[in-house]
Amino acid sequence: MALQASSLLPSSTLCITKESKGIAVKESSLFGASLPTIHKADFSLSFNKELRKKLSIGPIKAQTAATAPSTNQASSENKKTLRKGTAIITGASSGLGLAAAKALSETGKWHVIMACRNFLKAEKAAKSVGMSKENYTVMHLDLASLESVRQFVETFRRSERSLDVLVCNAAVYFPTAKEPSFSADGFELSVATNHLGHFLLSRLLLEDLKKSDHPQRRHIIVGSITGNTNTLAGNVPPKANLGDLRGLAGGLNGVGTSSMIDGGEFDGAKAYKDSKVCNMLTMQEFHRRYHEETGIAFASLYPGCIAETGLFREHIPLFRILFPPFQKYITKGYVSEEEAGKRLAQVISDPSLSKSGVYWSWNNNSSSFENQLSKEASDAEKARKLWEVSEKLVGLA
């Protein structure tokens, strides 16, 4: 039987551990009599040799605990375990949104709320790319309905999850439409979905983002190169142009007013481009109004040309056939959905991309950089006016 004496305090009480047939028994007394307190300094002289002999035990090994933990112990104890973050991604049932949700979920550090119009489609999509159920939740959201946006916010809050990142990604595109379609609230559908629905969602969930204690609190609105007229793609007709916002101020309902933001004739391709300018202006206005106060990083991005995205499903068949090889071999701007998703996931979670008020892009080496927005997409006065008009349209004024 071996005996261990441990000293756990600066002046500690000797403890004896008997080991017999694999069973350890710790005693604080011996035959009904308490052992004397033995100080570290004179431990070796204090234990009676004769007593050891009677107990048939070998030499005693004394162990004393340090008064302060070692450097490694201290750093280990002080290191906080970061909780899993929660990111809402709109339009996560396909394309860029799904790819980003997959990339995030695979890290095991994020739970993704897939905010989608088609619940069943989103569930099937998540399973098809191998997302683990513990890392995502599908919630219904129709951005073309302001009531649906409000219901989504209420449902999310009932889940009692924290909100750490909001990604406004969903978009619709009707490049060949000859006549406008309208949302449940009577707005031209492209602007209603891509801008107004996201604007209301962002405003309502801002309070939730403010409460987050996550180190990567961010609000991201996906932009597009097609809305930037300082680029070659942005100069392909019809070019984005919000004008003086007279059509937006009139309600975009096509009844006694234009369905286009600038008040002009309807053009499906331009309506999409205009909505993306609104997205980039909105991001900058959020940055100006709330970054300093809240510490939340507000950003936009263009992840590259995803030539095979479902966003082009309304385009003519010939375009869908020729556009991918054109981007791969002529412009060299082709980016797969998977790669684009990883780039969006970077903007969501990478500490090096935490700067607020930035429009992120990637070069041919897949390195991120701060890109420049066009004159209109960076017009602070237009951003302020867009904010105020949008507030009225979604019922926040």
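The legends below accompany close-up views of a predicted model.

View 1. Eight strands, arranged in the order β9-β8-β7-β10-β11-β12-β13-β14, make up an open sheet in which the pairing is mixed. The edges are formed by β9 (136-140) and β14, each of which pairs on one side only. Averaged over the sheet and with direction ignored, neighbouring strands are turned by 25° against each other.

View 2. Strand β13 covers residues 358-362, and because 5 of its 5 residues are buried, the strand is largely enclosed by the rest of the structure. In a regular strand the side chains alternate between the two faces of the sheet. In β13, Val 358, Trp 360 and Trp 362 point one way, whereas Tyr 359 and Ser 361 point the other way, and all of these residues are buried.

**View 3. The neighbours of β13 within the sheet.** Strands of a sheet pair through backbone hydrogen bonds, either parallel or antiparallel. With strand β12 (residues 297-301), β13 pairs in the parallel sense over 3 bridges, and here Ala 299 stands opposite Val 358. With strand β14 (residues 368-370), β13 is joined by 3 bridges in an antiparallel arrangement. Across this second pairing, Trp 360 stands opposite Glu 370, while Trp 362 stands opposite Ser 368.

**View 4. The hairpin of β13 and β14.** The two strands β13 and β14 form a hairpin with 5 residues between them, and Ser 366, which lies in the turn, has a positive phi of about 60°.

View 5. Helix α11 (residues 337-349) lies across β7 (85-90), β8 (110-116), β10 (165-168), β11, β12 and β13, and runs at about 150° to β11.

View 6. Asp 208 has its place in helix α7, which spans residues 189-211. Its relative accessibility is 12%, and Asp 208 therefore counts as buried, the cut-off for that class being under 20%. When residues up to four places away in sequence are not counted, Asp 208 touches Phe 156, Arg 157 and Leu 163.

Key: Residues are numbered from 1 along each chain as its sequence is written. This is a predicted model: local features need pLDDT of at least 70, side-chain atom pairs count only at pLDDT 80 or more; totals for chains, interfaces and linings use all residues. Side-chain values use heavy atoms; hydrogens and water are left out. Buried means under 20% relative accessible area, exposed over 50%, partly exposed in between (1.4 Å probe, protein chains only). Helices (H or I, at least four residues) and strands (E, at least two) are DSSP runs, numbered from the N terminus. Two strands pair if DSSP finds at least two bridges between them. Contact means heavy atoms within 4.5 Å. Axes are lines fitted to C-alpha atoms, for helices over the stretch in contact, and angles run from 0 to 180 degrees between N-to-C directions.
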